[in-house]
Amino acid sequence: MRSSEVTTGRRVAVVLEPGDDVLGCLADACRQHGIRQGFVPVFSGAFRSVRFIAADSPVTDQEPPLPHEVTVTYTEGIGSGTILWDEESQSALPHVHLAVGVKNAAAAGFAGHLLGAEAHYTVEVLLEEVLAPAMLRVPDPVAYGIPTLHFA
C-alpha cells in the first residue's frame, strides 16, 4: 500500500455537450486551466458510446490485464479517476473508471477502465487539482507491468 497527504488547489467544473469526446475534453480542460495533476471525484452523465477494457466472452485466465475492449451504446453512469502529467505527450492524461447502465436494456451494467466515450445529453465533471506531492505512473511488476500511481 502507498499513501500520501495531498495539497489540493483549484476545483474546475466541466460540462460536456452532445457529441464531445469525453477524454479529449477533460485533457483540453486541464490544458486550458493549467492543471497538471489531480483527481476526478465527480463524473456523471449520459453517453452515446463508451469503450472499456473488457471481454465479451469468457477468458481462460482473468488474472493478467485483458487485451480486449468492449463498446457499449446509449448509457448513463458515474465514475471517478485521476489526472497525471505525461512527459512524453506534454499533457495531462485522465485515467477514469466508469460504471454505466444501458438505458434500453433495463439498465444492464458495465464497468471498467474507460478507453473512450462520446457525450450524449450532457456529462458533468469536477476536476480537483493536486499541487503536492508530484504524482507519477510507474510500471509495477506485481501488477503485470501496468503503470500504477506513485507519489514522488
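Colleague: Is A152 buried or exposed?

Modeller: Relative accessible area tells you, with a 1.4 Å probe and protein chains only: under 20% is buried, over 50% is exposed, and in between is partly exposed. A152 counts as exposed because its relative accessibility is 67%. Keep in mind that this is a predicted model, where local features need pLDDT of at least 70, side-chain atom pairs count only at pLDDT 80 or more, and totals for chains, interfaces and linings use all residues. Residues are numbered from 1 along each chain as its sequence is written, and side-chain values use heavy atoms, with hydrogens and water left out.

Colleague: Where is A152 found, and which residues is A152 in contact with?

Modeller: Strands are DSSP runs of E of at least two residues, helices are runs of H or I of at least four, and both are numbered from the N terminus. A152 lies in the segment that follows β7 (147-151). Contact means heavy atoms within 4.5 Å. Setting aside neighbours within four places in sequence, A152 contacts P133, A134 and L136. A134 is 18 residues away in sequence, yet the C-alpha to C-alpha distance between A152 and A134 is 5.2 Å.

Colleague: What order do the elements of the protein run in?

Modeller: There are 1 helix and 7 strands, and from the N terminus they read β-α-β-β-β-β-β-β. Among contacts with a separation of 6 or more, 68% join residues 24 or more positions apart.

Colleague: Which residues of the largest nonpolar core touch the most other members?

Modeller: A nonpolar core is a set of buried Ala, Val, Leu, Ile, Met, Phe, Trp, Tyr and Cys residues joined through side-chain atoms within 4.5 Å. Here the largest one holds 29 residues, and F43, F47, V125 and L127 touch the most other members. At least two residues each come from β1 (7-16), α1 (22-33), β2 (38-53), β3 (69-86), β4 (91-102) and β5 (108-132). The largest share, 6 residues, is supplied by β5. Not counting residues up to four places away in sequence, V125 touches V12, A13, V14, L16, L26, V40, V42 and F43.

Colleague: What radius of gyration does the protein have?

Modeller: That radius is taken over C-alpha atoms, and the globule rule is 2.2 Å times the number of residues to the power 0.38. For 152 residues a compact globule would be near 15 Å, and the protein's 16 Å agrees. The C-alpha trace spans about 45 × 40 × 25 Å along its principal axes. Buried residues make up 36% of the 152.
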